Amino acid sequence: MTKNNMIELINIHKSFGSKIILNDLNLKIKKGSSTVVVGGSGTGKSVMLKCILGLTNPDSGTLLYKDQELNEKSRISSKFYTKIGMLFQGSALFDSLTVWENVCFGLVQGHGMQISEAKEISMKNLKKVGLDANIANLSPSELSGGMQKRVALARAIAANPEIIFFDEPTTGLDPIMADVINNLIIELVGDLGATAITITHDMASARKISDTIAMLYDGSIIWQGETNSIDSSDNDYVDQFINGRADGPIKLNIYE
Amino acid sequence: MFLVSFIGKITLGILSETGRSVIFLFNTLSNGFTRPFYFKAVFIQIIRIGYNSLPVIGLTAFFTGGALALQIYVGSSRFNAESMVASIVALGITRELGPVIAGLMLAGRVSASIAAEIATMRVTEQIDALITLSTNPFKYLIFPRVIAAIITLPILVFIADIIGIMGGYVVGTMSLGFVSESYIQNTINIIENKDFISGIVKAAIFGFIVAFMGCYNGYNSTGGAQGVGQATTRAVVSASIFILAANYLLTSLVFTQ
């Protein structure tokens with residue numbers, strides 16, 4: 001039987017000391033889908049993403065990439081990092097490099113592309129995300145938060161990745177800029193035919209950019225379904241979260 | 001009971017820190033000597049660590065040499081041995097003070113800067129970004145800094161030796177009444193190759209300590225701005241202590257002749 005999953009997480013556990021972050025987490029991401037994982041702060045969304053990316057290792061459980069086990073060795077042998085793009089929450093642009101050098105960094109380092117060719121691709125990608133060529137030689141610190149996010153987006157798509165990860169893509173942006181970023185994500189992911197995995201707690205963004213939504217609560221996926229079915233999920237936790245109500249089964253320990 | 005628990009905690013802390021730094025060293029070396037090599041990154045670090053440290057190293061060496069000449073003059077004049085000033089300044093600078101002063105200055109300037117830069121990259125997820133862009137941070141960030149410091153500190157110490165001796169010469173001839181020719185002659189007569197070499201070998205080891213402590217503490221920093229500050233402090237303090245300890249060990253084990 002042929003599976004159609006790009007990424008699959010099976011029974012993933014992760015703790016930091018005595019604090020359990022991911023608890024028997026199971027999630028399937030279909031090829032070509034745009035899946036958003038929502039959940040409150042501290043529910044383990046970022047840790048889940050870091051486990052997939054190999055930035056931290058799960059304590060137990062299995063990660064699959066195209067049905068093959070994904071671990072430290074297989075990430076290198078399958079050249080996993082040359083096939084993905086990642087948009088970090090804080091953009092994570094390299095301060096020591098100019099904007100265009102940031103955009104083509106993965107092409108030069110990961111794909112061994114010549115600088116001149118990589119620079120051309122940088123300029124094209126900057127244009128794709130709506131940035132002017134005259135910012136190419138600036139340092140990231142000279143750009144606004146929204147512009148930095150767009151440069152980071154240009155960097156994430158530079159190598160035509162087959163999977164793109166978005167970590168809180170709209171956090172810290174004004175509503176208009178957040179919508180611009182959402183539109184860019186939809187457009188770029190569509191153009192590339194890539195699989196997108198986003199973590200966010202911005203429901204407006206989640207509804208707009210996803211075709212599937214999963215909700216993470218207490219270290220586990222408690223609901224997963226099509227985006228247009230989330231309002232009729234019949235799940236009290238999901239209802240409380242998407243409607244942003246303080247009352248409900250999700251209790252926040254605000255004194256923690 | 002409290003004392004035993006306290007000693008136990010300290011011992012475990014030292015052992016785990018030692019283990020972590022050995023693993024970090026292994027990762028640095030095992031990744032650094034395999035392709036791809038980042039020659040441009042090494043060159044940039046040589047400029048940052050070496051060339052940009054020249055003014056501070058030069059000034060420190062000059063004033064240290066001058067002060068040394070004044071102090072030795074005071075001591076030696078009690079035994080009518082003023083003629084020894086040039087010789088002792090030369091030996092003191094080349095064998096001990098040149099490498100130690102340069103090492104300590106670089107611990108302050110370079111360890112701190114490396115730790116702060118890498119710790120900031122850690123807290124702003126730039127190191128994670130490097131990994132997702134197919135770049136091994138040990139190859140790209142750590143190894144070039146360590147190699148650059150090992151290469152540049154001996155050169156800096158060689159320059160510091162010359163400037164330090166010049167500091168002694170300037171004070172000796174302009175303030176203590178030494179004749180220029182005899183001061184230079186005494187300096188040349190006393191210095192042997194092994195005096196310079198001992199300082200240069202020490203410098204290479206101090207260079208490694210300076211860069212390694214900066215990289216290790218920066219890379220393993222946690223938390224936000226406070227974590228960056230703590231990493232920087234730890235880098236400077238640990239580099240300074242290890243330099244002084246290594247200096248004593250090297251002098252007592254290898255360079256007492």
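Me: Two strands count as paired if DSSP finds at least two bridges between them. With that settled, which residue takes a positive phi in the hairpin of strand 1 and strand 2 of chain A?
Reply: This is a predicted model. In that hairpin, which has two residues between the strands, G17(A) takes a positive phi near 65°.

Me: How many bridges join strand 1 to strand 2 of chain A?
Reply: Eight bridges join strand 1 of chain A to strand 2 of chain A, and the two run antiparallel. In strand 2 of chain A, K28(A) is the bridge partner of E8(A).

Me: And what stands opposite E8(A) in strand 4 of chain A?
Reply: L64(A) stands opposite E8(A) there. Strand 1 (residues 5-16) and strand 4 (residues 60-65) of chain A run antiparallel and are joined by five bridges. I10(A) has T62(A) as its bridge partner in strand 4 of chain A.

Me: Where does L64(A) lead next, in strand 5 of chain A?
Reply: In strand 5 of chain A, L64(A) stands opposite E69(A). Two bridges join strand 4 of chain A to strand 5 of chain A, again with an antiparallel run. These two strands form a hairpin with two residues between them, and K66(A) in the turn has a positive phi of about 50°.

Me: So in what order do the strands sit in the sheet?
Reply: The order is 2-1-4-5 in chain A, four strands forming an open sheet with antiparallel pairing. Strand 2 (19-30) and strand 5 (68-69) of chain A are the edge strands, each pairing on one side only.

Me: Changing topic: where is G44(A)?
Reply: G44(A) lies in the loop between strand 3 (34-38) and helix 1 (45-53) of chain A.

Me: Is that glycine buried or exposed, and why?
Reply: G44(A) is buried, because 24 other C-beta atoms lie within 10 Å, and the cut-off for a buried residue is 20 or more. Leaving aside residues up to four places away in sequence, G44(A) touches I21(A), L22(A), L216(A) and G219(A).

Me: How far apart are G44(A) and V103(A)?
Reply: From C-alpha to C-alpha, G44(A) and V103(A) are 29 Å apart in space, and they are 59 residues apart in sequence.

Me: On to the two chains: how many residues does each give to the contact?
Reply: Chain A gives 14 residues and chain B gives ten residues. On the side of chain A that touches chain B, strand 6 (84-87) and helix 4 (105-109) of chain A are the elements that give two or more residues. Helix 4 of chain A supplies the largest share of that side, three residues.

Me: What classes are on that side of chain A?
Reply: The side of chain A that touches chain B has nine nonpolar, five polar and no charged residues.

Me: Within chain B, how do helix 4 and helix 6 cross?
Reply: The axes of helix 4 (residues 85-123) and helix 6 (residues 137-174) of chain B come within 7 Å and cross at roughly 145°. The crossing of helix 4 of chain B and helix 6 of chain B is right-handed. By class, the contact of these two helices of chain B has 20 nonpolar, five polar and two charged residues.

Me: Last one: what is the average pLDDT of chain A?
Reply: Chain A averages a pLDDT of 90, and 97% of the residues score at least 70. Among the elements of chain A, helix 3 (residues 99-103) has the highest mean pLDDT (95) and helix 7 (residues 175-192) the lowest (87).

Key
Residues are numbered from 1 along each chain as its sequence is written. Chains are lettered from A and ligands numbered from 1 in the order in which they are written. This is a predicted model: local features need pLDDT of at least 70, side-chain atom pairs count only at pLDDT 80 or more; totals for chains, interfaces and linings use all residues. Two residues are in contact if their C-beta atoms, placed from the backbone, lie within 7 Å. Ala, Val, Leu, Ile, Met, Phe, Trp, Tyr, Cys and Pro count as nonpolar, Asp, Glu, Lys and Arg as charged, and the others, Gly among them, as polar. Axes are lines fitted to C-alpha atoms, for helices over the stretch in contact, and angles run from 0 to 180 degrees between N-to-C directions. A crossing is left-handed if the near helix is turned anticlockwise from the far one by less than a right angle, and right-handed if clockwise. pLDDT is the predictor's confidence in each residue, from 0 to 100. A residue is buried if 20 or more other C-beta atoms lie within 10 Å of its own, exposed if 12 or fewer, and partly exposed in between; C-beta atoms are placed from the backbone.
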